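Dear colleague,

I am passing on the structure we spoke about, with the sequence and the coordinates together below. My notes follow, arranged by region so that you can read them with the model open.

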Amino acid sequence: MTEQLLKVEGLKKYFPIKSGIFGRVSNHVKAVDDISFSVKEGETLGIVGESGCGKSTTGRMLMRLLEPTEGKVTFDGQELTSLSNNEMRKARRDIQMVFQDPYASLNPRHTIEKILMEPLNVHNIGDPKERKQKVHEFLEIVGLSSYHAKRYPHQFSGGQRQRIGIARALMTNPKLIIADEPVSALDVSIQAQVLNLMQDLQKELKLTYIFIAHDLGVVRHISDRVGVMYLGNMAEMADTEDLYEKPLHPYTQALLTAVPVPDPAFEREEVEIQGDVPSPANPPSGCRFHTRCPFKMDICETTIPIFAEVEKGHSVACHLYEESRPQ
Amino acid sequence: MLEREKILEVKGLQTTFFTDDGEVPAVDNVDFHIREGEVLGIVGESGCGKSVTSLSIMGLVPSPPGKITNGEILFEDQDLTKLPEKKMREIRGNDIAMIFQEPMTSLNPLFTIGNQLQEAVKIHKKDWSKKQIYNRAVEMMKLVGLPRAEGLMKEHPHQLSGGMRQRVMIAMALLCDPKVLIADEPTTALDVTIQAQILKLIKNLNKELNTAVLLITHDLGVVAETCERVVVMYAGKVVEEGPVDAIFKDPQHPYTRGLLESVPDMRFKKERLYSIPGNVPKPGSIKTGCRFAPRCEFAFDRCVEETPPLYQTTEEHQTRCFLFDPKEAEKHDRTIVKS
Ligand SMILES: Nc1ncnc2c1ncn2[C@@H]1O[C@H](COP(=O)(O)OP(=O)(O)OP(=O)(O)O)[C@@H](O)[C@H]1O
Ligand SMILES: Nc1ncnc2c1ncn2[C@@H]1O[C@H](COP(=O)(O)OP(=O)(O)OP(=O)(O)O)[C@@H](O)[C@H]1O
Ligand code: SF4
Ligand code: SF4
Ligand SMILES: [Mg+2]
Ligand SMILES: [Mg+2]
């Protein structure tokens, strides 16, 4: 059995909403509200969900780029949530992030070489000569050339900049990469190049990925397991095949049937949901999906459904499956 | 099926931007037409000229630096490129309407939704009473499926969600019963569940009101689901055109085929995605030859020496690729090599 590399328990992030002239906290945005999951070594866990459901907030908390309001994150046997800032900085050598907009995260005044060198300087890896060599090596690995090292970010296309973002994340030989919408800003032809690259690198370097995206096609392609978030909660999590072939949560079902399929002959079974996502500052009582759920029952308005396994490796938070759960 | 009349025809359209870096032919010799009541899709990757094409039709190309440098846009026996701005404004208000990707930028944050809708009605129905105008605005809001229409009339744009704002924009565009609705990435900024609602709305309105729709998108899924006919653009040119079934079942241009192969499909797992090597060329950087040649696995000598024309491959299907020149067809194997 493969080992768990990352374990997340009861993770929460409440952002205070301040109001009035004294800036008193009047309410909270419950961006992430009590989610738990784990990631096995070498796998790719996809996280999907619509805008504002808390995907990025979750990703950032795992690295403690954002401090969790509550909850425990254990990585490679070490409890990250109890580390001092200094210890956490060291731990980040093993966990790196790739962002949606590499341009915004690449300093426009620095050469690519300088940008890629930085994580090595921060973590004190190698001497200057080795560092330089490593930069060139990783440029080649991500499909660029050493002569690109002297150039500046604006001289690259979107796809190339994303390759640089990936190269930077790889510089410290991390175990886990959290990729937050790494291909969302790219055109499909370039998206395919970057997805293939990430898959190749995973095999070669034995990486574990948490892949955050809103594109369900992309997530199916790259993930071994997938978690579906809705309004700060984890609605469902399962092996990719199970989730796409046999979605249990009504929200997952609706989400899957809403995706336009590139095949005019395709006839969909519609699970249409009405209305918009409610505000995370005032989430609905009980099940957060009850305001849009076509299967809503009375209990859904009053009682929060527990996120638990209903079949092997398939967890869901929905009252419809209460009975099928092992007690 | 009865052949429907062409309602809008774009012929040899060239729109150029005169920038410090030189002339950028963003749209280069583009031909297509929309028939009455049909949904035509224009699909292509970022920067291929989709928005500039639609702005050209609307007479809204930012000028300077942009200018229609060649071609005709025929609508009801008039060439829109030759109309004075005053005339064009009438057409924009009455016959051809447009909705944009980001509805927030086209709604005024200072005025209520009701205010803006009623103003729009007033422009077209100068002799209507206040009551008539109000009722028409509410009626349009209901038509596009906005809940509690009367209440929303009093609210400001920021109080609405993205999907609701896009519905308001559609309502506003449809107020004057346009013959053609141009929708430029109308759902790109929206979540999939909301996107599904808006696409369904556009399809229903097309059926009920018989409005012709020009739907511009980079999403092949949206095209497959919504359009009857498709124009594929690459680097400022139309590279393929045909009925939606033909484009998806028998894609001909190597770019179209590469594009279809590279999209991950939500319904099944592809072992590995096909990936088109390289990047989209900067507009204007390839002067002679096929613009796809640097990325095309089938490219041969002729592709860099001559510019391919659109070849009529079936009655309704056209492809800009030398492989479809009857003289070349025998010589080449057109199977895509999947890496
Ligand atoms: N610093 C912050 N202060 C207050 N609220 C925040 C902050 N950051 C995020 N939020 C809110 O938390 C919720 C979750 O945001 P998050 O960015 O995690 O969503 P997401 O799932 O990544 O969405 P997207 O798909 O749009 O990237 C949103 O409602 C957002 O407005
Ligand atoms: N105001 C402008 N000045 C100079 N060049 C411009 C201007 N507007 C557009 N272009 C150029 O024209 C080309 C076509 O742009 P257009 O906006 O039509 O692309 P698009 O297909 O709509 O792309 P997207 O999918 O990103 O919206 C691009 O190369 C763009 O850089
Ligand atoms: S718990 Fe109730 S409201 Fe929530 S998804 Fe299940 S059936 Fe629907
Ligand atoms: S004309 Fe030549 S280069 Fe262009 S798409 Fe056809 S085969 Fe490829
Ligand atoms: Mg995000
Ligand atoms: Mg555009």
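This is a predicted model: local features need pLDDT of at least 70, side-chain atom pairs count only at pLDDT 80 or more; totals for chains, interfaces and linings use all residues.

The residues around ligand 1 include A:Ser51, A:Gly52, A:Cys53, A:Gly54, A:Lys55, A:Ser56 and A:Thr57, and among the others are A:Phe15, A:Val29, A:Ala31, A:Glu181 and A:Pro280. Sorted by class, the shell around ligand 1 has five nonpolar, five polar and two charged residues.

Several polar approaches to ligand 1 can be followed atom by atom. A polar side-chain atom of A:Ser51 lies 2.7 Å from an oxygen atom of ligand 1, while for A:Gly52 it is a polar backbone atom that is found 2.8 Å from an oxygen atom of the ligand. A:Lys55 also takes part, with a polar side-chain atom 2.8 Å from an oxygen atom of ligand 1. Taken alone, ligand 1 exposes 650 Å², and the protein buries 60% of that area.

Six of the eight residues of α1(A), which spans residues 55–62, are buried, so the helix is largely enclosed by the rest of the structure. Just after the helix, A:Arg64 takes a positive phi of about 55°.

Elsewhere in chain A, A:Gln202 is found in helix α7, residues 188–205. A:Gln202 has a relative accessible area of 14%, and is therefore buried, the cut-off for that term being under 20%. The side chain of A:Gln202 makes a polar contact of 2.9 Å with the side chain of A:Thr44. Leaving aside neighbours within four places in sequence, A:Gln202 is in contact with A:Gly42, A:Glu43 and A:Thr44, and also with A:Leu207, A:Thr208 and A:Tyr209.

Turning to chain B, which residues come nearest to ligand 2? Of the 14 residues around that ligand, they are B:Ser46, B:Gly47, B:Lys50, B:Ser51 and B:Val52. An N or O atom in the side chain of B:Ser46 is 2.6 Å from an oxygen atom of ligand 2, a polar backbone atom of B:Val52 is 2.8 Å from an oxygen atom of the ligand, and a backbone N or O atom of B:Cys48 lies 3.3 Å from an oxygen atom of ligand 2. On its own, ligand 2 has 630 Å² of accessible area, of which the protein covers 67%. The elements that give two or more residues to this shell are β1 (6–19) and α1 (50–58) of chain B, and α1(B) gives the most, with three residues. By class, the shell around ligand 2 divides into six nonpolar, five polar and three charged residues.

Chain B also has a covered strand that deserves a look. In β3(B), residues 39–43, five of the five residues are buried. In a regular strand the side chains alternate between the two faces of the sheet. Here B:Val39, B:Gly41 and B:Val43 point one way, B:Leu40 and B:Ile42 point the other way, and all are buried. β3(B) runs parallel to β8(B), residues 212–217, and is joined to it by five bridges, with B:Val39 opposite B:Val213. β3(B) also pairs in the parallel sense with β9(B), residues 229–234, over four bridges, and there B:Gly41 stands opposite B:Val230.

Finally, B:Gln195 lies in helix α8 of chain B, residues 192–209. Is this residue buried or exposed? At 6% relative accessibility, B:Gln195 counts as buried. Its side chain and that of B:Thr187 are joined by a polar contact of 3.0 Å. Not counting residues up to four places away in sequence, B:Gln195 touches B:Thr187, B:Leu190, B:Asp219 and B:Val222, and also A:Pro260 of chain A. B:Gln195 and B:Pro157 are 38 residues apart in sequence and 19 Å apart in space, C-alpha to C-alpha.

With best wishes

Note on methods:
Residues are numbered from 1 along each chain as its sequence is written. Chains are lettered from A and ligands numbered from 1 in the order in which they are written. Side-chain values use heavy atoms; hydrogens and water are left out. Buried means under 20% relative accessible area, exposed over 50%, partly exposed in between (1.4 Å probe, protein chains only). Two strands pair if DSSP finds at least two bridges between them. A polar contact is a pair of N or O atoms within 3.5 Å; within protein, one must be able to donate a hydrogen and the other to accept it, and residues adjacent in sequence count only if both atoms are side-chain atoms. Contact means heavy atoms within 4.5 Å. A residue is near a molecule or strand if one of its heavy atoms lies within 4 Å of it. Accessible areas come from the Shrake-Rupley method with a 1.4 Å probe; for residues, only the protein chains shown count as cover. Ala, Val, Leu, Ile, Met, Phe, Trp, Tyr, Cys and Pro count as nonpolar, Asp, Glu, Lys and Arg as charged, and the others, Gly among them, as polar.
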